[in-house]
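Here is my notebook from an afternoon of looking things up.

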Amino acid sequence: MTLMSPFTLRDLTLRNRTVVAPMCQYSAVDGFANDWHFAHLSRFGIGGFGLVIFEATSVVPEGRITYGDLGLWKDEQIAPLARIVDFLHSQGAAAGIQLAHAGRKASTPVAWRGPETLQTEEQRRAAGYEHWQPVAPSAESHDPTNPNFQVPLALDKAGIQHVIDGFVSAAQRAEKAGFDTIEIHAAHGYLLNEFLSPLANHRTDEYGGSRENRMRLLLEVTEAMRAVWPAQKPLLVRISVSDNAEGGWTVEDSVVLARELKARGVDAIDCSSSGFAQGRIAYAASYQVPFARAVKQGADIPTMAVGLLGDFDAAESIIASGDADFIALARGALNDPNWPVHAQRYLGAEDYSLWPVQTQRVSEHDRVLGLRG
């Protein structure tokens, strides 16, 4: 039962290889976590996941995807996050946080809070509604056909340093909140991914042009964060292994990048793909596993597989075959917050030790129904 075996990154030992991938909830006000975030995330610790990664959390206010995003740009935002971290620890799960900057995909509306629900100033204030100017490597919209996306300002050197400083300060606050690991978000068409990809980066300075130059910002962010993040704690990076678009970032580029990240103290790569309007890939069960396999083999670094991985047998096979070291679920975890305990039982566990003691009476339920001998 390899899926349910422990795995160690630096001084952090995860109880199994199951991970909750970051899932934006668009439910914060001024970046603060609230009771929804507590309930949403805590159930995954009860359900037996090894690592729960909090949603994309902006390192600066202008880096939010929407006005409902979590933030970690000020000290007051630490305590509500620490409350959730403490509960996850009490259930045996590790807690991670994805630190992010949305770049040119920032300042977009929350889908379920359209104009009809924000008619009055009072309603807008209650929703925490804000609107601001996005920034990016180049002054080009994510999708000119979509009015939700603005034309961003191209970052100058001072703006780039502001981004780096934001990641560093947020990492220091994440340590104060008690997080076990940080994941740098460099995927899905957001700022760091924008710098990496020739689809979005058309700069002519040292941050654009060659692959080496386009990798520069992510590597500088990584170095700066590793310098302040405790040496005993692992650092993760999520990348889009391929833009899945002609002329875009490729798997071969990601292998080179992963090697450079590893050399700078990154401990695992979370392997997703796409994020730009030009990118297309057909969805199917385990459709992104080849990306995790390619990066793991090419860069000799642990990887996390994501994307429609809810089948227990398939998840076990992915880990057992060495295609990836972790299975990350997002929608699958929403659908079944107890996925790890169900996987453990399905794969032949003879006990219910992963269930919290308050819930172990489920074993009698299963016995009566013939689900366990």
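**Entry 1: a serine in a loop.** I looked for Ser 107 and found it in the loop between strand E6 (94–100) and helix H3 (121–127). I kept in mind that this is a predicted model. Is Ser 107 buried or exposed? Its relative accessibility is 4%, and the cut-off for buried is under 20%, so Ser 107 counts as buried. Next I checked its side chain, which reaches the backbone nitrogen of Trp 132 at 3.0 Å. Leaving aside neighbours within four places in sequence, I listed its contacts, among them Arg 64, Ile 65, His 131 and Asn 148.

**Entry 2: a strand inside.** I moved on to strand E10 (residues 235–240). I noted that 6 of its 6 residues are buried, so E10 is largely enclosed by the rest of the structure. Leu 235, Val 237 and Ile 239 point one way, while Leu 236, Arg 238 and Ser 240 point the other way. Which strands pair with E10? Strand E9 (residues 181–186) runs parallel to E10 and is joined to it by 5 bridges; there I saw Glu 183 partnered with Leu 236. Strand E11 (residues 268–272) also pairs with E10 in the parallel sense, over 5 bridges, and Val 237 stands opposite Ile 269.

**Entry 3: the largest pocket.** I read off a volume of about 1,400 Å³ for the largest pocket. It is lined by 48 residues, and those closest to its centre are His 188, Tyr 190, Arg 238, Tyr 283 and Arg 331. Strand E13 (326–329) and helix H10 (331–335) each give two or more residues to the lining, with H10 giving the most, 3 residues. I sorted the lining into 25 nonpolar, 18 polar and 5 charged residues.

Methods
Residues are numbered from 1 along each chain as its sequence is written. This is a predicted model: local features need pLDDT of at least 70, side-chain atom pairs count only at pLDDT 80 or more; totals for chains, interfaces and linings use all residues. Side-chain values use heavy atoms; hydrogens and water are left out. Helices (H or I, at least four residues) and strands (E, at least two) are DSSP runs, numbered from the N terminus. Buried means under 20% relative accessible area, exposed over 50%, partly exposed in between (1.4 Å probe, protein chains only). A polar contact is a pair of N or O atoms within 3.5 Å; within protein, one must be able to donate a hydrogen and the other to accept it, and residues adjacent in sequence count only if both atoms are side-chain atoms. Contact means heavy atoms within 4.5 Å. On a 1 Å grid over the protein atoms alone, a cavity is a set of points where a 1.4 Å probe fits but cannot get out, and a pocket is an open set with protein on both sides within 12 Å along at least five of seven lines; lining residues have an atom within 4 Å of a point. Grid points are joined across faces, edges and corners, and a volume is the space filled by probe spheres set on the points. Ala, Val, Leu, Ile, Met, Phe, Trp, Tyr, Cys and Pro count as nonpolar, Asp, Glu, Lys and Arg as charged, and the others, Gly among them, as polar. Two strands pair if DSSP finds at least two bridges between them.
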